[in-house]
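This briefing is intended for a reader who has the sequence and coordinates at hand. It treats the ligand site, the overall fold and selected backbone features in turn.

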Amino acid sequence: MKARRSVLVASLLVVGAALPASAPVAASGGEHRRSPAIDQPLREHGQRVGLRIGTAVDMAAFNNDTEYRNRIAVEFSAVTAENVMKWGELERVQGQPDYTLADQLVASARANRQKVHGHTLLWHNQLPQWLTDGVTSGDIDAAELRALLRKHIFEVAGHFRGKIWHWDVVNEVIDDSGNLRDTIFLRLLGPGYIADAFRWAHQADPHAELYLNDYNLEFPGAKSDAYYALVQQLLAQRVPVDGLGAQGHLGIQFGLPSTLDTYNNLRRFELLGLEISFTEVDIRMILPTDQYRTQAQAQGFSGLLTACLLLERCEMFTFWGFTDKYNWVPGFFTDPPEGDATMLNEDFTPKPAYREMQAILALAA
Ligand code: XIL
């Protein structure tokens, strides 16, 4: 792997400007170095700097839209199932898991030399209805819930054994105040469910790297501190935790974290021994958009990518979708209406953010 932690990345950050496609880059000491041609697919830029560039994949779009499918193959070296590996999607009917769409994604990834980021073994959302109903009615008690969770993790991680690069073993288990999130798992099983989930996943697929994954880890705060304490505790108990996933769902209306805040906040997890991935990056805005918002979005993406490149073990930078044609934000954040969260327009033409991603990766090479 070529050294990628170019200090020049930091200078781009300060300048904050995209370079023209042919611009030579001044290096310190008065020499000049020339970056690779900028207008190349992100995965090729990423390869040069040892970074996998990923996207979430919407399997309905994948099966209906050839251009969408082709762009995934050309542009990305890692994929995440946007929905089809979640418990509620896999096991709508209890005891009858359906892996059709998830297997299709894994097969396509293999054909296109892409790694698969597994998302997710345990989350409080998108659970099977039979499970949540059973807990609410009392039909599923604590012992039963623990047995069902164990079975789920063994079955799913076992099904994909050897095919998953990293698993988000637990997703969003700490709330924004820094407390363990109040979920059916915490309420019925107690805090030990997190360590259990990692141990079961490791037994089911010993070679997959195992992640904690959450949003609002791109800056310091109570939530990040709580994760830091949790990771220390898990490692002290010899729980097989390998990585931290910073989702990277940002909104320009909240202000964007500085690259240094993002870097410092994630660097401390590296120093505990974890690797880092950005797992779900998108930068949304209140609609309608304008050129200033679009430019702020580009800066938001740049800041996260730059922090990733400055880190020592940032393995993957994954976008939560890459075109506004298929994106979860407008359906999810409706009051006020938000959207335009990805780096390509609905017609797949690039926004400033896409060019920034190319320029930063070229500069880091
Ligand atoms: C979202 C999907 O994008 C939507 O299609 C779905 O309706 C809801 O979930 N954090 C996560 C992801 O970990 O799984 C979520 O994905 C976005 C927030």
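Which residues come nearest to the ligand? Among the 13 residues around the ligand, the nearest are Glu 82, Lys 86, His 119, Asn 171 and Glu 280. The model is a predicted one, and the values below are computed from it.

**Ligand site**

- The shell around the ligand is made up of three nonpolar, six polar and four charged residues.
- His 119, one of the residues that come nearest to the ligand, places a polar side-chain atom 2.7 Å from a ligand oxygen atom.
- Glu 280, also listed among the nearest residues, has a polar side-chain atom 2.9 Å from an oxygen atom of the ligand.
- In Asn 83, a side-chain N or O atom is 3.0 Å from an oxygen atom of the ligand.
- On its own the ligand has 410 Å² of accessible area, and the protein covers 82% of this.

**Overall dimensions**

- The radius of gyration of the protein is 20 Å, which agrees with the value near 21 Å that a compact globule of 365 residues would have.
- Along the principal axes, the C-alpha atoms fill a box of roughly 70 × 45 × 40 Å.

**Backbone features**

- His 119, which has a side-chain contact with the ligand at 2.7 Å, is joined to Thr 120 by a cis peptide bond with omega about 0 degrees.
- Thr 120 belongs to strand β5, which spans residues 115-122.
- Gln 126 is not a glycine, yet it has a positive phi of about 50 degrees; this residue is located in the loop between β5 and α7 (129-137).
- A cis peptide bond also joins Leu 287 and Pro 288, again with omega about 0 degrees.
- Pro 288 lies in the loop that runs between β10 (275-286) and α13 (291-310).

Definitions and conventions. Residues are numbered from 1 along each chain as its sequence is written. This is a predicted model: local features need pLDDT of at least 70, side-chain atom pairs count only at pLDDT 80 or more; totals for chains, interfaces and linings use all residues. Side-chain values use heavy atoms; hydrogens and water are left out. A residue is near a molecule or strand if one of its heavy atoms lies within 4 Å of it. A polar contact is a pair of N or O atoms within 3.5 Å; within protein, one must be able to donate a hydrogen and the other to accept it, and residues adjacent in sequence count only if both atoms are side-chain atoms. Accessible areas come from the Shrake-Rupley method with a 1.4 Å probe; for residues, only the protein chains shown count as cover. Ala, Val, Leu, Ile, Met, Phe, Trp, Tyr, Cys and Pro count as nonpolar, Asp, Glu, Lys and Arg as charged, and the others, Gly among them, as polar. The radius of gyration is taken over C-alpha atoms; the globule rule is 2.2 Å times the number of residues to the power 0.38. Helices (H or I, at least four residues) and strands (E, at least two) are DSSP runs, numbered from the N terminus.
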